[in-house]
Every structure is written in C-alpha cells, then in structure tokens.
Amino acid sequence: MSNTVTLTTPISALIANKRRVSALKGLGMVSVGDALTYYPFRVTEPVPLRSIHEAKVGMPMAFAAVVRFARVIPMGGRRGYRLEAVVEDDAFAASRQVPGANCKLVFFSHKKQYMDWMSGRLHSGADVVLAGTPTEFNGQLQFTHPEVLTVMPQGADVFADSATASDSASAGELSFDTIPSQADAQTKSQSGVSTGVGVPASHSQPVQAVNALKFDASTAYEALQHVCRPRPVYHATSRISTEHIHESIVAMLDALRASGEAVLKANNPSDDSSLDSKNDLALRAAIDDVLPGDVIDSKHLMHRADAFAAIHDPQSTKAFHAALATLRYEEAFVSQISVLQERENAHKAETYECKDSGLRDAFVASLPFTLTKGQQDVIDTICEDMGRSYPMQRLLQGEVGSGKTVVALAAMLQAVGSGNQAVLVAPTQVLAEQHFETISRMVGKVSENESSTIPVTLLTGGMKLATRRRALATAASGEPGIIIATHAAFSKMFQAPNLALVVIDEQHRFGVEQREILRSKGEKTPHLLVMTATPIPRTAAMTWFGDLDISWLTELPGGRKPIRTFIVPEADGNMMAQMFIHIRRRIDAGERAYVVCPRIDADEADAEALAVAGGKTSAEASTSASSGSCSRGKSSMSAAGSDDIESGFVEVDDYDDENDDGIPREPKPPLHAVDEIAQRLSSLPQFVGVKFATLTGRDDDETKRKVMTDFESGKTPILVATTVIEVGVDVPQASCITIFDADRYGLSQLHQLRGRVGRGGTDSWAFLVSRAEPGSIAEQRLKVIEGSLDGAEIAQADLELRGAGDVLGDAQSGGKSGLKLLRVVKDAKIIADAREQAEALLKRDPTLAGETQLAGAVLDFTRGGESEILSN
C-alpha cells in the first residue's frame, strides 16, 4: 500500500482480496472517494446490553460469553451443514449483578469452508462477544446467525472502559479481510490458500481450539462497543453484504486518517506529542471541505471529513443524521452551482437570430382548428427567444395530447423561414415516421400558399443505405428545411451546417451528452427546445432543469374527453371477463385496443424484459445479458445506438432473494409476455373472429410499419405490444388500453401509456390489470392514477411513494450519479436555500477561483451526475 492515501486512490491498491474489489466495483466503487460517497440508506438503532438471564425473545441484544461446546452436523438429505454452539455468560452476568446462564447459537450453510471458518472461531473456551435477536426453540433460548467477535483471552473480563484496557493496536485493528464471506472462504479453500484460521479439513467433534485464530478485539469492552453502536445499512448484492461494505469503508477511513496524521507530523515535525490516528484532525488533513467556510458556519454544518466519519461509522444516531444533513446540503449546493454555471455559459454563445415569422404565421393560419391559448402563448414565447442573439434553451412540459408537436412545428418553421435548418429528434423509429407523415402533411398545406416547397427529410438508422445517403446529403447541403431523425442524428455522418433549431421529443430518453452533440453540428450554437409528456412536479422541474426556461401546456385541445381508468384484479375472473366483453364491443364499433405486456417471451428472461426492468436500451440489455453482467439495480437510461428504447418498471427483478435486512422474500409472480397474452386472448370466446397483432422492440422496421398500418386500418384491431408504444404513437381510433402487470410500473409511465387512447375525441378507457397485494404500496400507486388525470399530481405522488427514480433518476444508484442523498420533493426548501447561496457565491466569484475544491466537485458532478439528472 502506498504511504499516501487520498480520495482518488484506487480501492484495488488497498484491498488485496480481488473478489471483494470486484464486488465493490459492481456497486460503482472504484476509488476511495467512490466508496465514501456510497452512502447507507438507513442506520440501525443502538443494540442494548443484556445478559442471557435478561434476554427477551424477539428483542435485539448484545453480551459477552465463553464458548463451552461447539459441533458441526451434516444435514444429510437436505445438503449443507449446521453449526451448534453452547455459550455461557457467568462473568458478564456477574458484572451486571444477575445470575449467569447459557444459550445455544445456530448457523446454517451449504458451504463447508464457511463452517470450518466459523467453527474455528467458536472453539471450546473461546471468549466472544455476540449480538443478535434471540428466539426460543424446544424451550431453550437460541440465537440464529448472531454477529460474532472474538476477544483476546487477557481482555475477556474487561466489560467497561478502563485504564487496564490495552491499546487495540496490540491485537490488530479490524482489517479489510478479517471476516471472509462464504464465497471468499470457498475460493480460498479451492485454491489451496489458508482462510487465516487454520481449521482442519475434517472436524473432530466437539470442535477443538485453533492456535492460528486472529482476534477481532483486545477486550470485551472494545468488542461490545463495536456491536452495540448504531450500524449503517447499505444497499448490498449477493456478492457482498452490507457488513462487508461497512467494514471496507471504515478501513478506508482509517487509511485516510493514517495519511492525514503523516501530513500533520510532516507540517509540524517539532511536535513530539502522539497524535491518535483516529483524531478528527488527521481525517480533516486527508479530506478537504467542498463547501465555502461561510456557508458551513452559517448553516451549522459539519466538516466534510467529520460527516463522512459520522455517516459511515456513527457513534450515535444523532451524529448519523447530522452528517446526513451536511452531505445532503453539499449535494444541493454543488448541483445548483453546476446548473447556474450552465445557464450562464449558454448566454455567452453565438447563435442564429430567427426573426422571420412569415412561414410560422402561414402555418398557424392553415390549421383546421384554433390553437388553445396555452399553445399560442408558448409559440409566441419560443419565437421571441429565437430572435435573440444567444441560444434559446427551453423545456416544454405538456400533458399527453396537449399539442406539443404543433408548437414544435411552429418553431421549426420560424427557423426555416429565416433561412436555416431545424431538426426534430424522436426516440423511436415508429414515432419518427409518424412525425414525418404528420409534419409533411401539415407543411404541404403551407407550401400550397407559398412560392416554394418546404423540404421535410426523414433520417433513421433503419433506412436503406441509398436512402440514408440522400437524407444525409440533403442535411449537409445546408439548405433551409426540416429534418426528422432518430438516433441517427447523433452519428458523425450527420452534418447540418445551418442548423438553427434542435427539437428533442421526449427529452428524458436522451442524455445531455447527446444533446450537446447535436448542438455542435452547425457553425453556431443552435436554439434548443426539449419536450416531454413525462409528468414532472413543478418544484422538481424548476430545480433540475434550472439551465432551461420552462413552459407548461396544461390545456387539452377541444373535443378531448377524459379517459376513464379502472383497476382490474387479475384474480377476479368476473371483472376480467366483463373487461374483455367491453373491449369486444368497442372493436365492433370500429375502434381499436392496445394490450401492453412487460415481456416479449414467456419462457425466457429476454433482453427486452431486462431493458424494461433496468431502464436500458434494448441494445444495451442484449449486450449485458449476453455477457452475464446485467445489473440488479436501476441504471440511468442511455440512448446509444438504438432507435427503440423501452423504459422502466418499479421492480427490477422478478424476485429479490432477500430484502435489505437479509430476510428472504416471497418470489413475485412471473411477468406477462406479449406472445403468451396474444395467444391467451385470441382463444377467448369474447374475441372470436378478431385478429390480433403483436409489436415489440425486437421487430424490424418493416414489420413495425406493417403492424401499425394494419392496426390503424382496422385489419388487426387489437395490438398486443411492449412499452414500445409508450411514446408518441397516435391512432385516433384507439379507445381502450389494457396494461398487464400494471402494479410493476411507475405511475409516470402508466400515465404515458394511458395517453395512447382518447386522441380522436371518442370515449376512452384504461384498464390496469394488477396482482398487487391489498394495502401494498403498489396498490396505493394504482389508486392514485385511477383517481387522477393530472400529470403533475401523479408525478408528485410517484415521487412521494417511491422516490425520484422514475422521473429524475435513482437517488442511490451506487454508480456515477451526482445525487445520492437529496430528495427532490422533501428537500425542496434545502434546494431553494442552496440555490440562493450558490447565486450569491457566483456573483462574488464567477469562476470559483477562490474555491478550488468546490470547483472540482462541480466539475465531477457535471461530468457524472448532470447527464443522469437532466436526462431522466
């Protein structure tokens, strides 16, 4: 290990256990700084001291004891082993002035190597400190898998702080690899490497003492302090437990303290006093503050080093929550500095001044309907922005069906009328083609009254080579016109030298990096209009889209009727039958129906199902699945190289083996699949004579076009699809949508899917087929969407019920997210205060020249976190 440890030191330089390093890397921890910002999601209450005589079944406790007997028993036909040990606490009970007693400890494992290691620790005569929750079995008190710390014999009777307690260094501090996991023990055994406890391959019974045992603590007091203090709990995986995460991070803090102590001694060599390596000054010397000193003082915050120590190794729950408040404010402050700087930088760029409104006005006049007041106001605002000398950056938030496309086309025609180019980027091939057909038709009416034709060009990744080359050549010519594109617009081949306006539809599907690629395509910085129907609470939008001006379209065009929404329990056969009868009646009336399923195939965990669950593109999921590296958690949505992106569920896996406390969960029922439901429905008597079609992200472009054409024409009036239809699919005749496994989706996505119907002015219905347990959070979510059509209200409820993952990115992803603690809704006041403080600092020091640590933190946030926040 290097003598100097910093926040940038790789974890692999500190931990020799490659399996541990790999497991930490899987959670996003590569450097020491990554580990310190992998925060626990809660802290346990302190564990009380009780003797065995004072034990209460079901109540956590800690005590010191001596092992009197231990044995390992094979479990025969069940496979695996059971370790039983009997301990007594006479000395510890005497210190509490109560009678001594004994109890049983039980451990189960199918890994013999783990049992060898544990039985070596619990040899007869061993002094141990135990913590756990007692149960009663056959009339005897029993602890199942308690926490075990071994104590040096000479300190076994030291139960309180005393001058006789030896320095813990004499026994050795808890090291990174003190307690191997079951997998670690197995690997070491197979490779012929000792686990460090010298346990023989076969047990004599009872288990004998082992000379090579390494002790965890020098005194019982030290061990009791360790097990009784509040314990942080981390999001863990099957590869590494929360205890091992905690152990690793605490050891990194100790390494930083040692480096800080060396710095302090180097700066003051004449100081002969012995500085305790755990002194706060040593850690502060290794970890600099990020926030300005005046902000820390005025807000009564902790030093960053103290906050890291208190959140990862808390002495009390009060200290833990104080650290949480400090680090939460730090996130708010850094994020707001980043957003404010981005806004200021945008105003310094040179852009195209688009002031000719002739084409725009002609387009508005040609419309067969009257714009809503909201649409007209937003168009006027956007066109005013485009006439300025610096680029517009505007977010247009609108309900599903509120007419955002008309607003975007008006802005594009202002750019074209001023002699420039405009590009609209859609997230899917289906949506891009629909935009192309709609815009071509609407622009054609304008061209009839104008002297020249307005070219509209389609560019997608699925086009034939010759057609795509012609589209690229048209864009590269720089001639005024409109380009409708998918991700093909992000390729190096796409060039538009006179690009004055970039419109991004469903902006949450594209990262900030891709947004910036498009803005660099022209000779000047183009104006930017990003649109979304994903409902975002206003406070959240103003916070995280602070670099963009925001417009809202809340008024639906005339003639639209409210969508009636019903929750249908899948187990209720009568209600399911009535739903199918209703759908058949609407089909007979000439209408259409969508049926949405989360998976493609019923018999495999296919890539698309993983993409939906994990928030990945289909292409990414395919790669991940093939390499065996599919993440258990939600990952930020990247849009690299696929025209079809299908977005996320609330639940990631079909089931989790354990919850955050390690308690086994019941498996969730398997997700419904497109093929399965299409076959099931087509066999029902309600749908005799009705043709079904299926649509998934796996279908090629030609198949998608044919399926949508047949659906619109009524040849196949029922379309069973994945969430590929979520965005922008516009079939006016569609009046019913049935969503299977609705309890496994986020509310914002359900709201989006529901918006696929009712676009033709007819009555419309949404059926949410659910297997949610009564009273569960999933049922609460569905009741919210059943009772509301207000997107902002739904988004607020979604955030409050399950956090910011669905709308604004996962708050504890463990990856490179810039936000890990800040809660968009609950911390609105903190964010507003941090924004005021950030504005004041930037007025005094626009370049942060006097705040180098803050400038570095802002840069890290901008590179790693902003793309996730602003793209999600």
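Reader: At what angle do helix α24 and helix α25 pack, and how far apart are their axes?

Author: This is a predicted model, so take every value as computed from it. Helix α24 (residues 747–754) and helix α25 (residues 777–786) pack at about 40 degrees, with their axes 10 Å apart.

Reader: Why are α24 and α25 called oblique to each other?

Author: Check the angle against the cut-offs. Roughly parallel needs an angle under 35 degrees, and roughly perpendicular starts at 65. The value here is about 40 degrees. α24 and α25 are therefore oblique to each other. The crossing of α24 past α25 is right-handed.

Reader: Which residues make the contact?

Author: From α24, they are L747, L750, H751 and R754. From α25, they are R781, L782, V784 and I785.

Reader: What makes α24 count as mostly covered?

Author: Eight of its eight residues are buried. That list runs L747, S748, Q749, L750, H751, Q752, L753 and R754. Buried means under 20% relative accessible area.

Reader: What about α10 and α11: why is α10 called oblique to α11?

Author: The axes of helix α10 (residues 304–312) and helix α11 (residues 317–346) come within 8 Å and cross at roughly 130 degrees. That makes α10 oblique to α11. Roughly perpendicular covers 65 to 115 degrees, and roughly antiparallel needs over 145. The crossing of α10 and α11 is left-handed. Among the residues that meet there are F308 and I311 in α10, and F320 and L327 in α11.

Reader: How do you know that S51 is buried?

Author: S51 has a relative accessible area of 0%. The cut-off for buried is under 20%. So S51 is buried. It sits in the loop between β1 (42–43) and β2 (61–74). Beyond its neighbours within four places in sequence, S51 contacts M61, D89, F92, A93, R96 and V98. S51 and A94 are 43 residues apart in sequence, yet 9.2 Å apart in space, C-alpha to C-alpha.

Reader: And what makes S259 buried?

Author: The relative accessible area of S259 is 6%. That is under 20%, so S259 is buried. S259 lies in helix α7 (residues 242–267). Its side chain reaches the backbone nitrogen of V5 at 2.7 Å. A polar contact needs N or O atoms within 3.5 Å.

Reader: Why is strand β15 described as largely enclosed by the rest of the structure?

Author: Six of the six residues of β15 (residues 527–532) are buried, so the strand is largely enclosed. Both faces are covered. One side has H527, L529 and M531, and the other has L528, V530 and T532.

Reader: How do you know that β15 pairs with β10 and β14?

Author: Pairing takes at least two bridges. Five bridges join β10 (residues 393–398) to β15, running parallel. R394 has L529 as its bridge partner in β15, and L395 has V530. Four bridges join β14 (residues 499–504) to β15, again parallel. I504 stands opposite V530.

Reader: What makes β12 and β16 the edge strands of their sheet?

Author: The seven strands form an open sheet in the order β12-β13-β11-β14-β15-β10-β16, with parallel pairing. β12 (456–459) and β16 (549–553) each pair on one side only. Neighbouring strands are turned by 20 degrees against each other on average, direction ignored.

Conventions:
Residues are numbered from 1 along each chain as its sequence is written. This is a predicted model: local features need pLDDT of at least 70, side-chain atom pairs count only at pLDDT 80 or more; totals for chains, interfaces and linings use all residues. Side-chain values use heavy atoms; hydrogens and water are left out. Buried means under 20% relative accessible area, exposed over 50%, partly exposed in between (1.4 Å probe, protein chains only). Helices (H or I, at least four residues) and strands (E, at least two) are DSSP runs, numbered from the N terminus. Contact means heavy atoms within 4.5 Å. A polar contact is a pair of N or O atoms within 3.5 Å; within protein, one must be able to donate a hydrogen and the other to accept it, and residues adjacent in sequence count only if both atoms are side-chain atoms. Axes are lines fitted to C-alpha atoms, for helices over the stretch in contact, and angles run from 0 to 180 degrees between N-to-C directions. A crossing is left-handed if the near helix is turned anticlockwise from the far one by less than a right angle, and right-handed if clockwise.
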